[in-house]
Amino acid sequence: MRKGIEFSFAWLFSIVAGAVIIFLAIYAGARMISSSQYQASTATAKELSIIFEPLETGLASGMSTQAVLSSETRIYNDCMMTGIFGKQEISLATKSGRSWSAPGGKIPIENKYLFSENIVEGKKIYFFSMPFEFPFKVADMIVMFSKEYCLLNAPGFIEEDIENLNLGNVKFNENCSKDSVQVCFGAGTKCDVAAYSNDGYETGYVTRGYEKVYFIKNLLYPAIFSDAASYECNVKRLMKKASQLALVYRDESNLLSVKCSVVSGSSLSDFAIQAAKVNSSSQIALLAGSANIIDSDNNFAECRLW
Amino acid sequence: MTRKGQFKIQQMTFMIAAVFIFFILAGMFVFSIQLRNLRKTADQIEQNKAIGISQYLVESPEFACASGSYCIDTDKMIVLMNRTAYKKFWPVAYIKVFKVYPNATGACTLNNYPNCGSYDVFDSGFQSTSSTSSFVALCRKTKEESVKTVCELGKIIIGYKIKG
């Protein structure tokens with residue numbers, strides 16, 4: 001008779017059951033790690049959205065802050081035109097080892113205007129905000145970036161604006177490092193981003209590779225630091241907000257018109273309709289004329305609405 | 001199969017069932033602790049956000065006075081209350097503004113403004129809420145002999161959703 005290894009049923013049974021238990025334990029452990037990673041990324045994204053509140057400029061011409069994260073992080077910034085004001089969704093992914101974790105939950109933001117590249121990557125993230133007035137204050141534009149920027153031949157007032165913000169990684173001319181994003185004002189060679197204007201940067205356009213976006217006034221800054229998709233989407237959102245604010249001012253004008261002279265409600269209504277129709281940055285400059293007219297009416301009114 | 005063998009299998013099955021139940025209970029315990037911490041973190045973040053909003057909302061263009069100083073333009077706020085477009089704009093449960101001095105009562109509408117005491121600017125209708133508040137100047141235009149700006153003391157209350 002042949003001699004073989006003999007397994008009792010009890011042995012076989014406990015090996016199979018043990019294997020199942022070990023498999024389930026490993027599976028549950030892996031799921032717990034990934035869900036806690038997802039949870040941490042979502043909580044950080046939500047916390048990040050809180051630092052946008054102190055960036056509300058009020059009377060200031062600009063504000064800046066920075067976030068130092070515990071590890072290398074990717075911030076995804078998606079902008080969409082859903083709803084009345086459009087919205088943005090930010091989510092975070094962290095680097096674990098050599099690979100990136102899946103992005104955490106998306107945090108929706110409807111009342112802020114965050115300009116950036118689609119993915120901002122780094123451990124130290126810089127933010128600055130500037131008011132957008134058209135002609136009344138529409139909102140604060142928040143710019144988020146992590147790369148070093150180098151501004152070449154920037155006009156004095158732009159250099160002053162940026163210096164006042166005290167941003168650590170925006171340098172000028174000869175102080176720039178090799179890897180920085182080169183931003184040229186007017187003509188230049190080896191420019192990653194170039195800004196052009198014929199009227200002292202009141203209006204103009206910014207090119208980034210094949211992308212071209214248009215700006216007026218302070219929109220120049222987000223045009224430099226964000227990609228075309230984020231910029232165009234946020235410009236449309238700003239115009240929707242300008243439209244809604246014009247309707248609020250129209251109602252206020254109707255309320256106050258019995259007491260004092262104010263900007264006419266009908267011109268504010270017309271402005272609201274025109275602003276709501278803007279669907280590209282190239283159209284803003286066309287609307288600037290109407291904005292200037294209602295601004296001048298407001299300045300001469302007995303009761304100023306803004 | 002012998003009766004002894006059958007008994008052993010039965011014993012093993014009960015043992016494995018007990019081990020599984022133990023793991024499930026332990027898992028549920030860990031899960032409930034995690035969930036409680038998660039709710040706590042979420043509430044803390046919501047509270048921080050509400051505090052931030054209560055401090056800076058006054059400076060937003062929907063509320064700020066034309067002069068730009070730290071005050072709410074109630075002429076603007078009373079018309080803003082009726083604009084449905086803003087119903088989902090602010091990430092909070094509710095925004096209420098009360099007149100503190102001089103004392104006044106009654107909810108403000110376009111019919112009784114400015115002789116009223118409270119403004120329900122926005123209410124999401126969410127039941128489980130907590131709130132944070134800050135004092136603020138409430139300013140409006142009046143006309144007696146000439147047009148002038150009158151300011152009163154008010155309080156802005158921001159409600160936020162709680163999950164815990």
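Q: How many residues of domain 1 of chain A are in contact with domain 2 of chain A?
A: This is a predicted model, in which local features need pLDDT of at least 70, side-chain atom pairs count only at pLDDT 80 or more, and totals for chains, interfaces and linings use all residues. Residues are numbered from 1 along each chain as its sequence is written, with chains lettered from A and ligands numbered from 1 in the order in which they are written. Two residues are in contact if their C-beta atoms, placed from the backbone, lie within 7 Å. On the domain 2 side of chain A there are 13 such residues, and domain 1 of chain A also supplies 13.

Q: Which element gives the most to the side of domain 1 of chain A that touches domain 2 of chain A?
A: Strands (E, at least two residues) and helices (H or I, at least four) are DSSP runs, numbered from the N terminus. On this side, β6 (119–133) and β7 (137–145) of chain A each supply at least two residues. The top contributor, with five residues, is β6(A).

Q: How are α5(A) and α6(A) oriented to each other?
A: Helix α5 (residues 265–277) and helix α6 (residues 284–300) of chain A pack at about 155°. Axes are lines fitted to C-alpha atoms, for helices over the stretch in contact, and angles run from 0 to 180 degrees between N-to-C directions. Angles under 35 degrees count as roughly parallel, 65 to 115 as roughly perpendicular, over 145 as roughly antiparallel and the rest as oblique. The pair α5(A) and α6(A) is therefore roughly antiparallel.

Q: Which residues of α6(A) make the contact with α5(A)?
A: From α5(A) come A:S267, A:L268, A:F271, A:Q274 and A:A275. Their partners on α6(A) are A:L287, A:S290, A:I294 and A:D297.
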